[in-house]
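Hello,

Here is the structure I promised to pass on.

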Amino acid sequence: LLGCGVVGGGLVKLLAKHRPDFRTNGFDLQLSHVAVRDPDKDRGIDLSNVEVTTDPMAVANDPAIDMLVEVMGGNDIAVEAGCAALTRGIPLVSANKSALARSMGRYVEAAKQGGAGICFESAAAAHIPIIEVLDRSLACEELTLIKGVINGSTNYILTFMERAGCEYEEALKDAAAKGFTEADPTLDAAEKLTLLAFKAFGAYVPPAQVHTEGVTRISQVDIRLALELNHRIKLVAAARRGEDGISLRVHPALVHRGELLADVDSEFNAIILEGPGFKEMTFLGKGAGELPTASAVLNDIVKMIRQPGTSTLPGFKRASGQAELADTSALKLCYFLRLQVDPARANDMLTALGGLGLDVLSHAQVEHDDANYLGVITDVIEESRMMSALTELGKMEGVGQTPVFLRLDKDNYRDIVEREQSTYFGTSLER
Ligand code: NDP
């Protein structure tokens, strides 16, 4: 076992708890070595029959081990140790999303060389068994989209901003005080998306090539306008496969409150799959934490033992091979715009938006800090056209502050509004 912190410590507890279950199923698991940084730290767990070391490479290369579990984090030594074990035929279970997402090629090569398997269920969304689903249950399914709310700290911050009515900085302070902050939450989501897209589309897109935007620019007025428009703001990670290739993006998005993603709070993650054969499928579960993550690691270990040939890498390969990255400037979505305008000029502004080619589907206004803000949701438009319209809007008389835009999570907001309208009022939306 490399690492005995939150996840590793949880795993040690679960190994002891489930020992009778292992024996009932005809096998046993013995923790032989643990690598940590500080061997003297009191971890509140029993490591009396375990060799505790500070050298992960010594564990990975020890001829006595039958399996390596890496829950240490980091990149350099974690990759070296994991690949060293694999190369000599030792299977690897890893929760280390960062190392896997950045060094996928090295892991695949080492696994091939040593003929050993790798499982990493806990790395993508902790306790949601999405890797197993993509790898086996839906191995030959045609998927067009995999998206989700998969980062805990941004989810906490956005929820806090909404509930406390505060700005980003205050919510960040609260998250830090509770230990919910991460060095780079957007990168965390990008790394998980890399793993999910690899399984969903068989395409390896390193995290550095994922388009990322964080939540730091989200303001209280955006949150209030979104709520007025029946949406919540979430950091959404989405990998799409279209005719022109695949695109991986992580950015804040307005999610309609009728969608399950809108209600995913705290440490929960949700992942949604779309495909022409089955339309939509949703997974919801705990995306972090000691026992949810350790439990996913343990299930991978048990899977490896019960089916020794099991491997998540490379998994079910597609004959079509590696897909190209799509040109995202041609991406078409619905957009949310926030404009600071005088209330008396709001109607003129809506007319002006139409003149710029933006079809407004719904709009709302809020007063905030002695200023009036207009929020609008547009119909589907190419992102490049939206950017030029924003530049024009910024120059217009009566528009204070630079206009701000956010994407919607869906490109069929018009359908949603029409469905709502006809459900409640029996008429189609008047455009
Ligand atoms: P922690 O920081 O709690 O634990 C890391 C452990 O690794 C510690 O025991 C630390 O030793 C040890 N360690 C770190 N670097 C070295 C090194 N160079 N040599 C030897 N030992 C080392 O991390 P977590 O348990 O939270 O996370 C572990 C992994 O699981 C990460 O890759 C993370 O991304 C992933 N993960 C975590 C989730 C969570 O909810 N926590 C969810 C999903 C995945 P020491 O204790 O002495 O400092």
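Below are the notes, by region.

First, the ground rules. This is a predicted model, in which local features need pLDDT of at least 70 and side-chain atom pairs count only at pLDDT 80 or more, while totals for chains, interfaces and linings use all residues. Residues are numbered from 1 along each chain as its sequence is written, and side-chain values use heavy atoms, with hydrogens and water left out.

Helix H15

Helices (H or I, at least four residues) and strands (E, at least two) are DSSP runs, numbered from the N terminus. H15 covers residues 383-395, which is 13 residues. The expected span is 1.5 Å times one less than the number of residues.

Which residues of H15 are buried? They are Glu383, Met386, Ala389, Leu390 and Leu393. They cover an arc of only 110 degrees around the axis, so they sit on the same side of H15. The arc is taken from the directions from the helix axis to the C-beta atoms. Buried means under 20% relative accessible area, exposed over 50%, partly exposed in between (1.4 Å probe, protein chains only). The cover over these buried residues includes helix H14 (346-355) and strands E9 (245-256), E13 (335-341), E15 (371-378), E16 (381-382) and E17 (399-408). Contact means heavy atoms within 4.5 Å.

Asn347 belongs to H14. Asn347 is exposed, at 57% relative accessible area. Leu374 is 27 residues from Asn347 in sequence, and 9.9 Å from it in space, C-alpha to C-alpha.

Thr154 is in H9 (residues 152-164). Thr154 counts as buried because its relative accessibility is 4%. Leaving out residues up to four places away in sequence, Thr154 touches Pro185, Val215 and Leu235.

The axes of H9 and H12 (residues 220-228) come within 10 Å and cross at roughly 80 degrees. Axes are lines fitted to C-alpha atoms, for helices over the stretch in contact, and angles run from 0 to 180 degrees between N-to-C directions. The two helices are therefore roughly perpendicular (65 to 115 degrees). Leu158, Met161 and Glu162 of H9 meet Gln220, Ile223 and Leu227 of H12.

The E3-E4-E5 sheet

These 3 strands form an open sheet in that order, with parallel pairing. E3 (68-70) and E5 (118-119) are the edges, each with a single partner strand, so one side of each lacks a neighbour in the sheet. Strands pair if DSSP finds at least two bridges between them. E4 (residues 92-94) and E5 are joined by 2 bridges. Leu92 has Ile118 in E5 as its bridge partner.

Best wishes

Notes: Angles under 35 degrees count as roughly parallel, over 145 as roughly antiparallel, 65 to 115 as roughly perpendicular and the rest as oblique.
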